[in-house]
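Visitor: I would be grateful for a close look at one pocket of this model, and at what lies around it.
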Amino acid sequence: MTTRVRFAPSPTGYLHIGGVRTALFNWLWARKTKGAFVLRIEDTDQERSTPESRQIILDSMKWLGLDWDEGPEVGGKYGPYTQMERLGSYKEHAEKLIREKKAYRCYCTKQELDAQREALKKKDPKAQFRYPGTCRDRTDEPDLPFVIRFMMPTTGSVTYTDKVFGKVTTPNADQQDFVLIRKDGVPLYNLGAVVDDMLMEITLVARGRDHMVNTPLQIMLYEAFGARIPDFAHLPMMLAPNGEKLSKRHGAVAALEYRDQGYSPNAVLNYLVRFGWSHGDQEVFSRGELIDAFGWDACGKGDGKFDAKKFLAINHSHLKEERLTPVDEYATRLEPFLEKRGLKATHQAANDPAANRESRGVHGVARSRCW
């Protein structure tokens with residue numbers, strides 16, 4: 001079976017380096033196995049999704065060299081690759097589950113559910129509210145707004161073998177009848193992801209371990225549709241130095257910020273791959289070496305803490321070593337920084353013996369004096 005993996009970001013802001021790490025692991029596996037790397041835009045959060053954010057994602061992926069085989073600007077036989085262009089498909093699949101008594105229309109209002117949450121909180125402040133199945137056995141179809149909920153089995157469990165965390169079992173009694181489609185006809189994450197992955201024939205879903213709570217629900221959906229269940233690989237989290245979730249207040253976290261600071265894109269990937277993967281004692285890799293060495297068996301479970309000094313050291317190695325950053329590439333990436341300082345970038349052939357690389361042109365700037 002041909003490997004098919006995907007990266008499915010939401011266009012609600014910049015591309016976080018945690019997302020880049022997820023994209024990287026999928027890209028490496030696709031290139032390692034000579035499979036397909038799919039880029040899909042999950043833009044169902046219409047309040048926050050913007051065309052500008054979508055473009056930032058594409059620009060970030062291009063700068064990093066994480067080229068996609070199918071997706072925006074590339075196309076492919078499984079398109080469209082933007083979720084808001086696929087609404088009809090989600091509705092069709094949800095209605096199929098209703099016909100087969102695996103899902104149902106829920107007419108409960110927000111006010112009714114809020115009142116139930118408040119009553120539970122007063123009774124037991126520590127209790128977690130779960131939808132009580134009010135409309136589960138309802139047979140009438142009033143002309144009222146509704147959401148579509150999945151009819152979760154109340155017995156049994158979901159077990160799968162994660163490529164990183166091993167065997168994982170979740171009792172169905174711990175779950176609730178979760179919403180598939182909102183009242184406005186837009187799918188929630190679990191239905192949208194499953195339908196897209198199913199129709200796009202994704203063979204492996206690799207993402208952060210914070211998504212492990214979604215996996216049992218998605219496996220139930222695959223089973224309900226009678227579809228093949230993909231493999232799963234959940235990656236450890238990237239944390240701030242203090243152990244908190246990595247965010248803007250801990251420094252640069254947007255991919256393009258590192259471009260603007262003069263980092264090598266290969267150095268960014270090199271540093272990020274070590275969050276959850278290792279290859280002996282080797283710290284510095286070329287892109288080709290990463291592809292050759294990558295494998296899920298070398299992925300660890302432990303979360304990693306962001307280390308800016310180590311990141312800078314990795315970047316320094318990439319900038320100074322010819323095998324990691326050829327001089328022509330180095331010179332090209334240097335040009336915009338010279339221009340920002342009012343310096344004219346002149347081109348001297350890198351292999352010209354007459355070029356004085358300590359003083360002339362872009363190629364004449366010594367590596368040790370840059371950045």
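Guide: A pocket, traced on a 1 Å grid over the protein atoms alone with a 1.4 Å probe, is an open set of points with protein on both sides within 12 Å along at least five of seven lines, and its lining residues have an atom within 4 Å of a point. The volume is the space filled by probe spheres set on the points, which are joined across faces, edges and corners.

The model is predicted: local features need pLDDT of at least 70, side-chain atom pairs count only at pLDDT 80 or more, and totals for chains, interfaces and linings use all residues. Residues are numbered from 1 along each chain as its sequence is written, and side-chain values use heavy atoms, leaving out hydrogens and water.

I shall take the second largest pocket, with a volume of about 580 Å³. Its lining comprises 23 residues, and Arg117, Arg149, Gln176, Val179 and Leu188 are those nearest the centre. At least two lining residues come from each of α4 (110-123), β4 (147-150) and α5; such helices (H or I, at least four residues) and strands (E, at least two) are DSSP runs numbered from the N terminus. Helix α4 gives the largest share, 4 residues. By class, the lining has 12 nonpolar, 5 polar and 6 charged residues, where Ala, Val, Leu, Ile, Met, Phe, Trp, Tyr, Cys and Pro are nonpolar, Asp, Glu, Lys and Arg charged, and the others, Gly among them, polar.

Helix α5 (residues 189-199) also packs with helix α3 (residues 87-99), at an angle of about 100° and with the axes 10 Å apart. That makes α3 roughly perpendicular to α5, a term for angles of 65 to 115 degrees. On the α3 side, Ser89, Tyr90, His93 and Ala94 take part, and they meet Leu191, Gly192, Val195, Asp196, Met198 and Leu199 in α5; contact means heavy atoms within 4.5 Å. This contact has 6 nonpolar, 3 polar and 1 charged residues.

For comparison, the largest pocket has a volume of about 970 Å³. It is lined by 29 residues, with His16, Gly18, Gly19, Asp210 and His211 closest to its centre. There, the largest share of the lining, 4 residues, belongs to α1, and the lining divides into 12 nonpolar, 10 polar and 7 charged residues.

As for confidence, the protein chain averages a pLDDT (the predictor's confidence in each residue, from 0 to 100) of 92, and 93% of the residues score at least 70. Over residues 354-366, however, pLDDT stays under 50.

Key. Axes are lines fitted to C-alpha atoms, for helices over the stretch in contact, and angles run from 0 to 180 degrees between N-to-C directions. Angles under 35 degrees count as roughly parallel, over 145 as roughly antiparallel, 65 to 115 as roughly perpendicular and the rest as oblique.
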